[in-house]
Amino acid sequence: MNPKRRNRLLIIALVVSGVGVAVALALVALNENINLFYSPTQVVRGEVPQGHTFRVGGLVREGSVRREGQDLRVSFDVSDGAHTVTVDYTGILPDLFREGQGIVAQGKMNGNGRFVADQVLAKHDENYMPPEVADALKKAEQEGAVANPHGPQ
Amino acid sequence: MLPELGHYALILALCLAVVQGIVPLAGAARGVDNWMALARPVAWGQFLLLLLSFAILSYAFVSNDFSVAYAARNSNSLLPAIYRFSAVWGGHEGSLLLWALLLAGWGAAVGLFSRRLPQVMVARVLGVMGLVSIGFLSFLIFTSNPFERLWPIPADGRDLNPLLQDPGLVMHPPMLYMGYVGFSVAFAFAIAALLGGRLDATWARWSRPWTTVAWVFMTVGIALGSWWAYYELGWGGWWFWDPVENASFMPWLMGTALIHSLAVAEKRSAFKNWTVLLAIFTFSLSLLGTFLVRSGVLTSVHAFASDPRRGVFILLLLAVVVGASLLIYAWRAPQVKSTGHFALVSRETMLLGNNVFLVVATASILLGTLYPLVLDALNMGKISVGPPYFNSVFVPLMVPLAFMIGVGPLTRWKEDHVGRLQHVLRATLAASIAVGALLPWLLFRSWAPMAMLGSVLVVWIAATTLLDLRNLTRHSPSLWQGMRRQSRSFYGMVAAHLGVAVTVAGVTLSSHYSLEHDIRLAPGETFVMGEHSFVFDGISNHRGPNYDASRATLRVLKDEREVTVLHTEKRSYTVTGMPMTEAGIDWGLTRDLYVALGEPLGDGAWAVRLYYKPFVRWIWLGAMLMALGGILAASDRRYRLARKAAQEGTGVATGSVAS
């Protein structure tokens, strides 16, 4: 093999192996860092992974925000219209967090059916409804209508 | 009447864009001089019309003309005048108009500064830019008319999003757009060269300064955005791997690769096809960024559109641009031969490595950004890809790249030897490892491995850059004379590479040694964080031009002495009723002290967020150095000489021109 061809082959081998390593890195990282979104209904039905981080979203129920003790612990209920999940959080809530507002929380379930959030997201605009939340509300409403055809509309 | 005139100017601009996109290109294909000569005046005309249109829209905002629906949605008579002006690009329609205006501005500039470029090249470049312009102007006119009237005329406007009422945000979008749009010039040069079948060193030399200038704007725009996020959102973070941030970061990374591969194309006549492909990708990523931000598929402070027609339109535009340019590439590229041969150990290989790492990094960010969107579009569930993904992919890719910044500039073109490089770099490498590994301990008394790795790379980049400078000036009578003999583009590289070192230092140290506490403070209480004590002096009420605020005062003490007094506000904007936090920051070269007010907890106590951020300013300082490097490189003397040479017909087509 002449030197020019060998060089070219070496460069190609380097590039391919580099890209291969990067792809492997990306896939492993992607696998570990995807957070699935669940609606409160799915949480109540137990469809969520135990011990794994995920997101839950819905409307903050009026009158459900409670500050406890002398530190920054807070809890509130998130609802999709059909079911509610209680979220525990320690820290400062975002500016646009308000009762009645659509929010998304990221965290894990604890043993007692409460969701322990390490992040609470409310977006930059007050008219904003997280698309996941809008979707979850719509689904809950449809399912409610199907399961309970004679119920109050 | 005026808004109608603005609308009319917009339509006329579209007509001129159609002429600009068809006639000069046809002239270049058929060799008709008159048709080609049309390119410049038409480009200038289009620019002036859009300038008029933009001025009229600005006037509607500044004079509170709320009969214009777009102004009524995004402004308010209580808004301070400067924000009434910046509100022009605070929404979807106006920011697109700015986009189109800047695109025409780049076209006009190409017309102005290309007097010595062959006419057929100018015709093709401006023709391609005219085609891009047609796409954006018809998008503007058919889906997002900024001059639409509102009836009945509202008494006042709905106000600009309070987050955007900020000096950083006045400059961030125009800078970023200048970058996005500026890459269209590099793209147009690449397509023009493909069409003409002349992918030579002249082409590379011509498109290099334009690409670099676009990259400079983009660098400044991204840095401004990051700085804004840092002080305005009240979370003290400077990068969130948010999809809209990625949308601007991807073309920047690709543009960085393009700048480096253009160097090889110009000096060594190699990588020519690859460079063209990079130019196409860079501009495509700019368009993709516009699509992501403007189509409403993402929800963030940047996304205004909710009209699905708009998303479809940009997606179609993206498909047409990418498809057409790749077709031209497939048709023309096989005829291009790279003439410059090089050995395995050479600067060409180092620059190839740079390209591979940057492109792979871009691809992995693209994957993380688009994956959730694709899954959602296919109805396969809603997911989010968090910052840990981007960090764990991006950082390992940047480590070898940072190492190569040290080796590359010291490697010779064409052929070099591992032995020589070892000989030159051995001492520097050892010293960098020793000093860099000690640095975190000296500064913060800690041995965190990643912090050590980061500071080794910082010292390595800085030391090798200085070594390069010393080697080049060694044979001159004095250091000063030797330094004067180096070209501006060399100093551009030095500044940009040192900028990378400064940014890496800022990222490494601030992410490892920041202190952060969310606490409850009652008036008179003190919280001790590291060396500083924060004393909460209580809350006072404060009234701004268009908001009411609760203002907290915190005194910061160190060794019993007062360092600074910080004010942080919780504002409530009167028109929208939207609450917002204004952080209080005491900035310094080696550390920022940062306080942000949370919510009231009763009994006069408030939740307060306190940060100590070491070296965080270095992140943006480094970006400014990179931008300065770009300016130096783009203003190098040889680009002006090249123009002269091209005019005299001597040509600089061969790759043997001295480096």
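Me: What makes β5(B) and β6(B) a hairpin, and which residue in the turn has a positive phi?

Reply: The two strands of this predicted model have 2 residues between them, and Asp559(B) in that turn has a positive phi of about 50°. Strands here are DSSP E runs of at least two residues, helices H or I runs of at least four, both numbered from the N terminus.

Me: How do you know that β5(B) and β6(B) pair?

Reply: Two strands pair if DSSP finds at least two bridges between them. β5(B) and β6 (residues 561-573) are joined by 12 bridges and run antiparallel, so by that rule they pair.

Me: What about β4(B) and β5(B), how many bridges join them?

Reply: There are 10, again antiparallel, with β5 covering residues 547-558. His532(B) stands opposite Lys558(B) in β5(B). These two strands form a hairpin as well, with 3 residues between them.

Me: Why do β3(B) and β7(B) count as edge strands?

Reply: The open sheet has 5 strands in the order β3-β4-β5-β6-β7, with antiparallel pairing. β3 (526-529) and β7 (579-582) of chain B each have a single partner strand, so one side of each has no neighbour in the sheet. Neighbouring strands are turned by 25° against each other on average, direction ignored; the axes are lines fitted to C-alpha atoms, for helices over the stretch in contact, and angles run from 0 to 180 degrees between N-to-C directions. For β3(B), the pairing with β4 (residues 532-543) is antiparallel over 4 bridges, and Val528(B) stands opposite Ser533(B).

Me: What makes Asp95(A) and Lys570(B) a salt bridge?

Reply: The rule asks for a side-chain nitrogen of Lys or Arg within 4 Å of a carboxyl oxygen of Asp or Glu. Here the closest N and O atoms are 2.5 Å apart, so the pair passes. The rule finds 2 salt bridges across the interface of chain A and chain B. On the chain A side, α1(A) gives the most, with 12 residues.

Me: How much area do chain A and chain B bury between them?

Reply: About 3400 Å², 66% of it on carbon and sulfur atoms. That is the accessible area (1.4 Å probe) that two parts lose on being put together, summed over both. The contact takes 35 residues from chain A and 45 residues from chain B.

Me: Which conventions sit behind these numbers?

Reply: Residues are numbered from 1 along each chain as its sequence is written, and chains are lettered from A and ligands numbered from 1 in the order in which they are written. Local features need pLDDT of at least 70 and side-chain atom pairs count only at pLDDT 80 or more, while totals for chains, interfaces and linings use all residues; side-chain values use heavy atoms, with hydrogens and water left out.

Methods. Contact means heavy atoms within 4.5 Å.
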